[in-house]
Amino acid sequence: PRPSSPILPGPTHEDSNTDAEFTDASKHCYRTFHSKLNGRPCMADGTFLLHGTPPTPAPLKAPNDWSPYRNRIEFEVAEFAFK
């Protein structure tokens with residue numbers, strides 16, 4: 001038998017800064033928000049960027065760097081398969 005209402009996880013010591021909210025009228029789906037894991041852009045050391053700061057440009061690759069593939073043929077096969 002299914003419970004009549006969903007059970008939301010209670011806060012624990014580690015996640016006391018989270019907030020859960022139902023996302024649909026049936027009260028079966030919910031989303032959990034976390035105060036620290038919020039998707040804000042930051043530097044590699046964790047320092048947050050100022051609002052509106054453009055992202056750091058990606059490092060330039062060598063013309064024969066097909067990573068994560070080993071070579072151009074592997075890249076082109078994957079590109080063909082997923083288009």
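A residue counts as buried under 20% relative accessible area, as exposed over 50%, and as partly exposed in between. These classes are used throughout the legends below, which describe a predicted model.

**Figure 1. Overview of the predicted chain and its confidence.** The chain contains one helix and two strands, arranged from the N terminus in the order β-β-α. Of its 83 residues, 1% are classed as buried. Among contacts between residues at least 6 apart in sequence, 2% join residues at least 24 apart. The mean pLDDT of the chain is 76, and 70% of the residues score at least 70. Confidence is lowest in strand E1 (residues 18-22), with a mean of 61, and highest in helix H1, with a mean of 96. Where pLDDT is low, the predicted coordinates should not be read in detail.

Figure 2. Two aromatic pairs are present in the structure. In one of them, the ring centres of Trp 66 and Phe 75 are 5.3 Å apart and the ring planes meet at 35°; the pair is therefore tilted, since this class lies between the stacked limit of 30 degrees and the edge-to-face limit of 60. Tyr 69 also pairs with Phe 75, in an edge-to-face arrangement with 5.9 Å from centre to centre and 70° between the planes. Trp 66, Tyr 69 and Phe 75 together form one aromatic cluster. Phe 75 has a relative accessibility of 30% and is therefore partly exposed. Trp 66, at 26% relative accessible area, is partly exposed, and Tyr 69, at 33%, is also placed in the partly exposed class.

Figure 3. Most peptide bonds, by contrast, are trans. Pro 68 is located in the loop between strand E2 (30-34) and helix H1 (72-81).

**Figure 4. Arg 40 over the ring of Phe 48.** This view shows a charged side chain placed against an aromatic face. Arg 40 lies over the face of Phe 48, at a distance of 3.9 Å from the ring centre.

**Figure 5. The salt bridge between Glu 74 and Arg 70.** Three salt bridges are found in a search of the whole structure. Side chains of opposite charge can pair when their charged atoms come close. In the bridge between Glu 74 and Arg 70, the closest N and O atoms are 2.6 Å apart. The two partners fall into separate accessibility classes: Glu 74 has a relative accessible area of 26% and is therefore partly exposed, whereas Arg 70, at 72%, counts as exposed.

**Figure 6. The salt bridge between Glu 76 and Arg 72 within helix H1.** The side chains of Glu 76 and Arg 72 form a salt bridge with an N to O distance of 2.6 Å. Both residues belong to helix H1, where Glu 76 and Arg 72 are four residues apart, about one turn of the helix. Glu 76 is partly exposed, with a relative accessibility of 36%.

**Figure 7. The salt bridge between Lys 83 and Glu 79.** A further salt bridge joins the side chains of Lys 83 and Glu 79, with 3.6 Å from N to O. Lys 83 has a relative accessible area of 78% and is therefore exposed, whereas Glu 79, at 35%, is partly exposed.

Conventions. Residues numbered from 1 in each chain as written. Predicted model: local features only at pLDDT ≥ 70, side-chain atom pairs only at ≥ 80, totals over all residues. Heavy atoms only, no water. Buried < 20%, exposed > 50% of the residue type's maximum accessible area, 1.4 Å probe, protein only. Contact = heavy atoms within 4.5 Å. Phe/Tyr/Trp six-rings, centres within 6.5 Å; stacked < 30°, edge-to-face > 60°. Lys NZ or Arg CZ within 6 Å of the ring centre and 35° of its normal. Salt bridge = Lys/Arg side-chain N within 4 Å of Asp/Glu carboxyl O. pLDDT = per-residue confidence, 0-100.
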